[in-house]
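The stops below are meant to be selected one after another.

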Amino acid sequence: MSATLARPQQALTAIPLQCASCGRPHEAAPAHVCPVCLGPLEPAYDPDRPLPDRTEISARPRSLWRYREWLPFVGRPVRCLNAGWTPLIDAPRLASALGVSRCLVKHDAGSFPSLSFKDRVVASALNAAHAFDLPVVGCASTGNLANALAAAAAREGLQAWIFIPYDLEPAKVAATAIFGPRLVRVRGTYDDVNRLCAQVADRFGWGIVNVNLRAYYGEGSKTAGFEIAEQLGWRLPDAVVTPMAGGSLVTKLAKAFGEFLDARLVHGVTPRLYGAQAEGCAPIVRLVERGDDALIPVKPNTIAKSLAIGNPADGRSAAQLIRSSGGWAAAVTDPEIVEGIRLLAETTGIFGETAAGVTVAAARALAQSGKLSGDDEVVLCITGNGLKTTDAVSGAIDVPEPIAPRLSEFAAIVQTHHQSTPT
Amino acid sequence: MPTLNLPSVLTPLANGQHTIDATGQTVGEALDDVVRRFPSLSPRLRDQHGAPYPFVTIYLNDEDIRFIGGFEAPVQPNDELSVVPAVAGG
């Protein structure tokens, strides 16, 4: 769990940007598109900025801000000070089931405050909104970002406009609406919601965290990678398996591992990166498999709604990084997703959402196909909580008939259990 | 007459207009018509090979044109074309 951080008084500033495609510099701004080539903007860090060593980082409060020199701000953060620092949990029974040497779970399903890794990106985005003095924030979301932004905006007293597909899981709708944002349900897919939000950001000038604050927002995902390295004792694992929706998390993990290698906080090579998607929405997996550079969008059809992005903005970058790391990608069916959720639960005590089922099932498929080796130490990124998607597993769970409160009825159950359990 | 909606980042190349009337029977013809009047837009809408950029999506009404024939997709008089830069996942 994260520790309480004293709230500093001084404001912070956002760092300048540059185009990830053509390299042209851009001033610090709530902008996400290069005006010259329309490529995505990304933060331009000062390569000569002072960086902390392991001792200094270790002495800081346990939140994602202990890595603040690698986040896109100058000065100390003022919002979402408790986000990050989720556990990295050893999972020997899951390792045995997968057939790998060691398996660890990065447990963002327990993230504060909204039980998904989106608390990380929202922490970064809301500090950017502060730096740009944007009183209204918003997002397009498949659910977890909606939860995270609504919770953080409520805490910070910000007005939030949150756009979601109309058919989102009820728990994710409730876990957004409870915080009192302006919730907009859109008749369409996430990709439709995304398009609308891009136009809203353009028209209204609000801080839409994954649109015009995207350059600052995405950097928050790096902190999962920093934490993995530090929690392993300042070293990197052999392999990391992560779910893919827009593809950003893969790219940010690769960036995080590279930045810690550059800073000599860890040694060795970047872990092999493995991406996981549902068969019903696997444009990045198919791109990795084909080996070309042309992402083909799809119409999503899967129970893994948090990954249902048919036109992933970072898909090409994710596929390139996966291949160059020596990793691979796998897509799994909806029944395999449910089985993955169950396997994670039964071997680790962690109830992950459908994206977690995708990750675990993909890891198993990758191990069975030899893409993951029996000697590998593997980290699985479990990015969201199963309590948000209980409807996905309800049909696969045996709920027993009730009994009368009589010992004889319970004894009959025990006898049946003994008869059906192999000795 | 179909219309083309531009994001703010491109409006300086179109005399500040967010929405431009276009003529043509297909998406490609409509874009060509706009580019004839605003040549600076040309390299922003298509790459040097005439293909759409990977980080830009063009919609015909509510549909990504890649699902309906790309630049060959037919357009009707009341159709809206929109140029939308990529957005991160959520």
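**Conventions**

This is a predicted model, in which local features need pLDDT of at least 70 and side-chain atom pairs count only at pLDDT 80 or more, while totals for chains, interfaces and linings use all residues. Residues are numbered from 1 along each chain as its sequence is written, chains are lettered from A and ligands numbered from 1 in the order in which they are written, and side-chain values use heavy atoms, with hydrogens and water left out.

**Stop 1: chain A**

Select chain A and colour it by secondary structure. It comprises 15 helices and 15 strands; helices (H or I, at least four residues) and strands (E, at least two) are DSSP runs, numbered from the N terminus. Chain A is as compact as a globular protein of 423 residues, because its radius of gyration of 22 Å is close to the 22 Å given by the globule rule. That radius is taken over C-alpha atoms, and the rule is 2.2 Å times the number of residues to the power 0.38. The C-alpha trace of chain A spans about 75 × 45 × 45 Å along its principal axes.

Of the 423 residues in chain A, 58% are buried; buried means under 20% relative accessible area, exposed over 50%, and partly exposed in between (1.4 Å probe, protein chains only). Among contacts (heavy atoms within 4.5 Å) in chain A between residues at least 6 apart in sequence, 69% join residues at least 24 apart. The accessible surface of chain A is about 16,900 Å², with 53% belonging to carbon and sulfur atoms; such areas come from the Shrake-Rupley method with a 1.4 Å probe, and for residues only the protein chains shown count as cover.

**Stop 2: chain B**

Next, select chain B. Its two helices and five strands follow the order β-β-α-α-β-β-β from the N terminus. For 90 residues a compact globule would have a radius of gyration near 12 Å, and the 12 Å of chain B agrees with this. The C-alpha trace of chain B spans about 35 × 30 × 25 Å along its principal axes, and buried residues make up 52% of the chain.

**Stop 3**

Return to chain A and select A14(A), in strand 1 (residues 13-14). A14(A) counts as buried because its relative accessibility is 13%. Show its surroundings: beyond residues up to four places away in sequence, A14(A) touches A28(A), P72(A), F73(A), A131(A), F132(A) and Y216(A). F132(A) is 118 residues from A14(A) in sequence, yet their C-alpha atoms are 7.8 Å apart.

Move to the loop between strand 7 (102-107) and helix 3 of chain A, which holds P113(A). A cis peptide bond, with omega about 0°, joins F112(A) and P113(A). L115(A) is in the loop between strand 7 and helix 3 as well; this non-glycine residue has a positive phi of about 65°.

Then select D133(A), in the loop between helix 3 and strand 8 (136-140) of chain A. D133(A) is not a glycine either, and has a positive phi of about 55°. Is D133(A) buried or exposed? With a relative accessible area of 65%, D133(A) is exposed.

**Stop 4: the largest cavity**

On a 1 Å grid over the protein atoms alone, a cavity is a set of points where a 1.4 Å probe fits but cannot get out, and a pocket is an open set with protein on both sides within 12 Å along at least five of seven lines; lining residues have an atom within 4 Å of a point. Grid points are joined across faces, edges and corners, and a volume is the space filled by probe spheres set on the points.

The largest cavity contains about 90 Å³ of space. Its lining has 13 residues, with C80(A), A83(A), F112(A), P113(A) and A152(A) closest to the centre. Helix 4 of chain A provides the largest share of this lining, five residues.

**Stop 5: the second largest pocket**

The second largest pocket has a volume of about 510 Å³. Among its 28 lining residues, A198(A), D202(A), R203(A), P7(B) and S8(B) lie nearest its centre. Helix 6 (190-204) of chain A and strand 5 (80-85) of chain B are the elements that give two or more residues to this lining.
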